[in-house]
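I opened the model to look up its aromatic pairs and its nonpolar cores. My entries follow.

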Amino acid sequence: MAVLVNTFAKHATDVTSCSFSPNSKVLASSSGDKSIRLWNIENGSELSVSPLLGHTYSVNSCSFSPFGTILATASTDCSVFLWDVDSGSMITVLQGHKNVVRVCRFSPNSRFLLTGSADETFCIWDVSSKKLVKCVDGLESSVLTCCFTPDSLHIVTGTSMGDLCIWDAQSGKMMKFYAEGHDLGVADCCFSPTFGSAILPYISVRMEGDPSANLGVALNVFRQLLGVSLLTLEGHTRYVNCCAFSLDGNWMATGSNDRTVKLWKICLTESVMCCTPNQTGELDQSGRSTTKPILQSTPVKKQEPQEPKKQRKKLVTWSIDDVCSWLISLDLDIYCESFRQNAIDGMELSNMTSEVLASDLGIGPAGHRNKILRTVKEIKKEELEEDIPDEFLCPITREIMTDPVIAAVGNVVAPWLCNLFLDS
C-alpha cells in the first residue's frame, strides 16, 4: 500500500517536477513560479538555502546528481542550471537547446546529464567538463520526459505524441519504439531503484487523467515490462505532473497542478506484487501487456481531512501595525517609526514608489528601497494568482491572458505566444 505522509504547499503555481537526494533525506521540487524548493523529508521543513532562484521562466524539471552535491534544473527559458546543493549557489548554465527544456536527468554513474526539449531533441552533457557530448534529433514531437536505465547503458524517452523510445546511450541509435504508449502523451517516467533486482519486481510510474475534469486524477504504479497495475494513488485534486522514487525505495513524491507536493510511504507486499502463474508478459505493438492480471492489493489508509488553508489578509486591507510587522519580517524595523509618522497602511504601501520611499520616508539605501518594492510586487502577484484560476494565466508570464487560444495539444496559451511560434 501507499500512505500519504506529508503535503508541501509553498509553491505559488503548478508543481512541475520533484527529485529525491541520494540519501533520501531531501526532496527538491520545481514549479511554474520560477523557483526550486528543497524540503527536509524527516520533519517537513524547508531548507535554509531554499528557494533557489535564477530562471527567468517556469522551471520544468529538477534532478539530484547521484552523489547529491549538484542539482540540475531545466526551464522554459531554454537553459539548464547546475546548482551547488549545500550553498544554494549556481555553478553553471548549460545552453544548447533551441526551445523549452522539459526535463533533465543524471545518469546513475554520475558521468552524464540528459536533457529533453520541445525542439524535438534530447542532449547528453558531460557533467565534469560541462560540455555537450551528443544531441539526438528527429523525434518528431516534443520530448516531455527521458531517463537513463539503472545501468546507464540505455535511454528511455517519452513524447507529447505518446511515443515511448529506447535508445543506446553511447551511439544514440533507437533500439525500440512503442507508438502511442499513452494516448494523452507521456508526462513522466522513472525507474524504481529495485529495477533488475532478483528479489523485487520492476516498478515504474505513469500519470493518467481526463483532460475534461480536474478532480479524481489518479497516479498508477505498475510492474515494468508486464504493464501490470499495482497501486492507484489518489489525493491530488488536479493533474499529476511528476513523480519520483527515493533511492532507498521507501518513498515516492508526486507533484500536481494543485500546487502541492505529496510525499508517500511505499509498502508493497508480496500479495500486491504477485501475478497469476499463467502470465507470459507479452507486449503488443503499442507496448501494452497482452494479459489481464488478477491482483490482490492492500487498501490505502484513508487520509484525515486537512484543515482548510487560512485566508490571509489582502495587502490593501493592512493596517499601519500590519505594515510595521511586515517591515520587521524583512529586517527593516528601523523604518517602522517613519512609516507610522506618515500613516503608511496597506493601501498606501501597494502604491508606493521609490521616490516616495527616498524623499518622504527617508530610506536612503537603494538596496532597502528595492527590497521593499520587490516584496510588495511579489505579494501583489501572489494575491492575483490566488484569486484567478490557473487556466486564465499565461503559462510563461503568469499574467492574465486576453482572448486565450486552445492549442491542438490541449494547452491554453496567449495569442502573442501563438504569433511568436508562427513567425519563427
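I began with F122, which is buried at a relative accessible area of 1% (buried means under 20% relative accessible area with a 1.4 Å probe, protein chains only). The model is predicted, so I kept to its limits: local features need pLDDT of at least 70, side-chain atom pairs count only at pLDDT 80 or more, and totals for chains, interfaces and linings use all residues. Residues are numbered from 1 along each chain as its sequence is written, and side-chain values use heavy atoms, with hydrogens and water left out.

I searched the whole structure for aromatic pairs and found four (rings of Phe, Tyr and Trp, the last by its six-membered ring, with centres within 6.5 Å; planes under 30 degrees apart are stacked, over 60 edge-to-face, the rest tilted). F8 and W39 are stacked, with ring centres 4.7 Å apart and planes at 20 degrees. F8 is buried at 3% relative accessibility, and W39 is buried at 2%.

F122 and W167 form an edge-to-face pair, with centres 5.2 Å apart and planes at 65 degrees. W167 is buried at 5% relative accessibility.

Next I took the largest nonpolar core, which has 20 residues (a set of buried Ala, Val, Leu, Ile, Met, Phe, Trp, Tyr and Cys residues joined through side-chain atoms within 4.5 Å). W326, F339, L349 and I372 touch the most other members. Leaving out residues up to four places away in sequence, I listed W318, L349, I372, T375, V376 and I379 as touching W326 (contact means heavy atoms within 4.5 Å). A second, separate core has 14 residues, including V103, I124, L139 and C165.

Methods. Buried < 20%, exposed > 50% of the residue type's maximum accessible area, 1.4 Å probe, protein only.
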